[in-house]
Amino acid sequence: MFTKFILISIIQLYIIQTIFCVYFGHEVGRTSMDSTHYDRRIVQQQCPINNQIKESHQTKYFVNFKSLPSSSSSTINNNNSNLILIHGQFISNYEEDQLITRASSSPIDVNNTVPLSLDQATIDVIVDKQIIGNLSVYVQVIECIDCPYKIIAQDLSSNKILNLTVNTKYNYRIRIELNNTLFCIETLSLYEHGHYILNVKISLSSSTNSSSNSDLICTLITRHSPNNIYIPLIIGGIILLILFIACIVAQKIKFRERLIILKNRFFKSVPPPQETPHSYDLQARTSATATDPINATNGNSTLTKLPPIPKISNVAVPKSKRLLSLDGFRGFALVAMIFINYGGGGYAQFEHAPWHGITVADIVFPFFVWMLGTSLVFSLKNSIDKGVSKRTLLKKVAIRTIKLFAIGFILNTRFKVDLTVVRILGVLPRFAIVYGVVATIEVLCSQSKQYLSSTNNLTSTTTTTVKLGTKKRLTTLFCDIINFPLQWLINIALITIWMLIIYLVPFEDCPAGYLGPGGLHENGKYENCTGGITGYIDRVIFTNKHLFNFPTCLTAYECKPPFDPENLFGSIPTMFLAYLGIQAGRILVMHQSHADRLIRLFTWGIISIAIGVGLTAGTLDGGPMPLNKNLWTLSFSLFTGGLSFVGFSLMYIIIDMFKWWDATPFQYPGSNSILIYILHLVFATYFPVQWIVVNTHAAHLAMGLWGCVFWIIVAYILFKKRIFLVL
């Protein structure tokens with residue numbers, strides 16, 4: 001009955017959308033799970049009545065020019081004046097719209113403030129009267145690495161003011177030249193709703209405090225203090241920390257059990273038997289009646305038989321045999337992804353890096369890939385223990401791969417079904433490709449004896465190594481590696497092929513080894529080489545019509561060719577990240593003591609992070625192989641894999657080792673991750689998930705957090721109703 005109600009509600013909501021074309025909710029921001037990237041022009045064609053609402057959330061770049069009267073520098077007269085020459089397309093918006101450049105000669109009082117939107121600041125460039133001649137103004141986005149200056153204005157003189165309204169999510173370097181000989185350079189780190197004045201003067205001595213050794217001095221003055229946009233973020237973090245502590249305290253005092261007792265006394269009812277959560281004994285064999293979880297969504301073992309068909313069903317899944325730390329880690333990553341997909345409060349830290357580098361938004365999807373490998377080991381071992389044939393397992397792997405890819409493709413068509421231009425790749429398609437390959441390798445190469453510890457299932461390897469020889473001691477310590485030589489060789493071979501193609505194969509007019517975004521990068525030398533050979537392969541196979549049209553490099557670098565962040569060739573290093581997760585699963589399966597598990601997990605985490613940072617020469621966004629989610633470089637896989645090892649280990653300590661926390665509330669979305677992921681995308685712009693709020697960071701932060709809370713509540717209800725999406 002409950003399932004029918006959900007399906008009927010979904011159909012009704014889609015009918016309402018089609019008839020009235022009404023969207024409730026502010027625009028979803030940049031996402032970590034890139035299947036939420038969509039062509040916003042298609043959305044506006046569907047719902048033109050909402051265009052004005054969307055425009056209010058798009059950051060603009062404005063340039064205004066005002067003539068100054070000769071008698072005063074604080075006011076501007078009403079006389080018509082010649083407009084300064086403007087060079088119109090400075091940088092591009094993240095969406096399809098360009099950041100706007102405009103000119104105006106209307107009178108304005110310098111003391112008046114310009115209305116500013118979210119993440120905007122204004123700066124007035126004022127030229128001293130002693131400067132005779134015309135100045136040229138150039139601006140460079142610092143986040144645009146190796147990019148040229150873009151000319152903003154020419155013929156700027158002492159009787160005019162250059163007013164800039166800029167996006168404060170970026171830092172700028174402004175260069176002002178006089179007759180192509182004298183110049184000054186100033187770095188601009190501006191903050192939201194700040195009003196600044198940049199005074200340009202002539203140096204009276206050779207020794208000045210200017211930012212250059214020229215005869216021009218640029219002095220930045222704050223006329224109106226900016227907002228502190230991080231206060232809402234700090235307050236929100238404190239509230240979440242208090243709630244987390246409250247959950248732990250409630251668990252310790254058994255608050256839930258007390259409420260149940262009070263309810264039963266009040267209503268005089270007999271409570272059902274309660275289940276006690278315990279960590280899954282990963283070394284033990286499951287009974288013959290247990291389900292084959294190779295086809296399960298999360299990979300955790302269960303004791304009751306699940307339906308073999310992919311549908312939403314009422315399934316009794318007791319918590320007694322689930323590894324709660326894995327559910328908690330998965331749920332935490334899913335909630336973080338929902339928060340980022342719902343805008344992340346409008347903070348730049350929760351948006352993807354323009355190209356090289358890494359942000360909070362970049363690490364969420366890698367966590368899921370890592371957990372894919374970890375869960376795969378549990379399900380594969382259980383299937384092998386039950387004697388399931390490899391042919392049957394391969395068939396199930398193929399079916400689940402097709403299902404994941406199909407769901408991802410359908411999600412790509414949820415805004416407008418135009419199969420001639422629909423995006424083919426995406427998060428779930430990438431997930432499907434990675435799962436299909438790594439699961440096939442594991443099924444073909446794995447044997448039951450490989451998962452047996454060399455100490456014959458003794459409780460701890462450290463207590464037996466004294467009696468063993470050196471060779472046996474090494475075999476005992478590294479059995480989770482030594483027992484799987486063929487799998488390691490295949491994965492190393494795949495990543496070697498990827499590196500050889502990346503660094504040795506040129507294409508068209510682009511050099512081998514190019515990892516840049518194209519566009520303005522390196523002064524536009526490789527303008528059409530966005531993504532190097534990785535992007536070229538996608539453009540050849542899928543053509544530009546079926547790729548993502550708004551990559552993260554569009555704003556800062558003005559990259560021109562379409563580039564899909566979930567590209568086909570980048571699946572190879574993503575498979576290596578999944579294999580790191582497989583290594584974590586082997587550690588949990590083959591070693592039973594907490595000490596043995598944690599030592600290995602932390603060691604793998606530290607080594608992976610060190611190698612990942614080493615490949616960038618310690619710079620993260622530089623070196624021979626920068627961290628890059630768009631290309632999914634090997635350094636990115638190693639770095640995020642190391643973070644996954646460490647993050648899961650911390651969860652394991654507080655949840656399964658010391659049992660300080662029962663993973664509430666993250667265990668609920670974590671145990672039903674695929675269903676919650678799909679629902680949060682489909683209903684992203686529906687009430688009560690989101691609605692229009694005032695355009696401030698505090699309001700958008702509250703809306704994003706509410707979206708997380710809403711889907712946690714839904715996941716809790718589904719968990720209590722035993723409704724899970726089984727693939």
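**Close-up views of the predicted model**

**View 1. Residue T543 is partly exposed, with a relative accessible area of 37%.** In this scheme, buried means under 20% relative accessible area, exposed means over 50%, and partly exposed lies in between, with a 1.4 Å probe and protein chains only. The model is predicted: local features need pLDDT of at least 70, side-chain atom pairs count only at pLDDT 80 or more, and totals for chains, interfaces and linings use all residues. Residues are numbered from 1 along each chain as its sequence is written, and side-chain values use heavy atoms, with hydrogens and water left out. T543 is not a glycine, although its phi is positive, at about 65 degrees. The residue sits in the loop between α14 (532-541) and α15 (553-557). Helices (H or I, at least four residues) and strands (E, at least two) are DSSP runs, numbered from the N terminus.

**View 2. The loop between α18 and α19 holds A663.** This residue, other than glycine, has a positive phi near 70 degrees. A663 has a relative accessible area of 0% and is therefore buried. P665 is also placed in the loop between α18 (634-657) and α19 (667-670). The peptide bond that joins T664 and P665 is cis, with omega about 5 degrees.

**View 3. A cis peptide bond runs from F687 to P688.** Its omega is near 10 degrees. P688 belongs to the loop between α20 (673-682) and α21.

**View 4. Helix α6 crosses helix α21.** Two packed helices are described by the angle between their axes and the distance between the axes. Axes are lines fitted to C-alpha atoms, for helices over the stretch in contact, and angles run from 0 to 180 degrees between N-to-C directions. The axes of α6 (residues 324-341) and α21 (residues 697-720) come within 8 Å and cross at roughly 140 degrees. This makes α6 oblique to α21; angles under 35 degrees count as roughly parallel, over 145 as roughly antiparallel, 65 to 115 as roughly perpendicular and the rest as oblique. The crossing of α6 and α21 is right-handed, a term used if the near helix is turned clockwise from the far one by less than a right angle, whereas anticlockwise is left-handed. From α6, V335, I338 and F339 make the contact, and from α21, L701, G704, L705, G707, C708, W711 and I712; contact means heavy atoms within 4.5 Å. By class, the contact of α6 with α21 comprises eight nonpolar, two polar and no charged residues. Ala, Val, Leu, Ile, Met, Phe, Trp, Tyr, Cys and Pro count as nonpolar, Asp, Glu, Lys and Arg as charged, and the others, Gly among them, as polar.

**View 5. Y230 and Y347 form a stacked aromatic pair.** Rings of Phe, Tyr and Trp (its six-membered ring) pair if their centres lie within 6.5 Å; planes under 30 degrees apart count as stacked, over 60 as edge-to-face and the rest as tilted. By this rule there are 30 aromatic pairs. For Y230 and Y347, the separation is 5.8 Å centre to centre, with 25 degrees between the planes. Y230 lies in the loop between β9 (216-224) and α4 (231-252) and Y347 in the loop between α6 and α7 (364-385), so the pair ties together parts that are 117 residues apart in sequence. Y230 is partly exposed at 35% relative accessibility, whereas Y347 is buried at 1%.

**View 6. The rings of F658 and W660 are stacked, because their centres are 4.7 Å apart and their planes lie at 10 degrees.** F658 is partly exposed, with a relative accessible area of 41%. W660 is partly exposed, with a relative accessible area of 42%.
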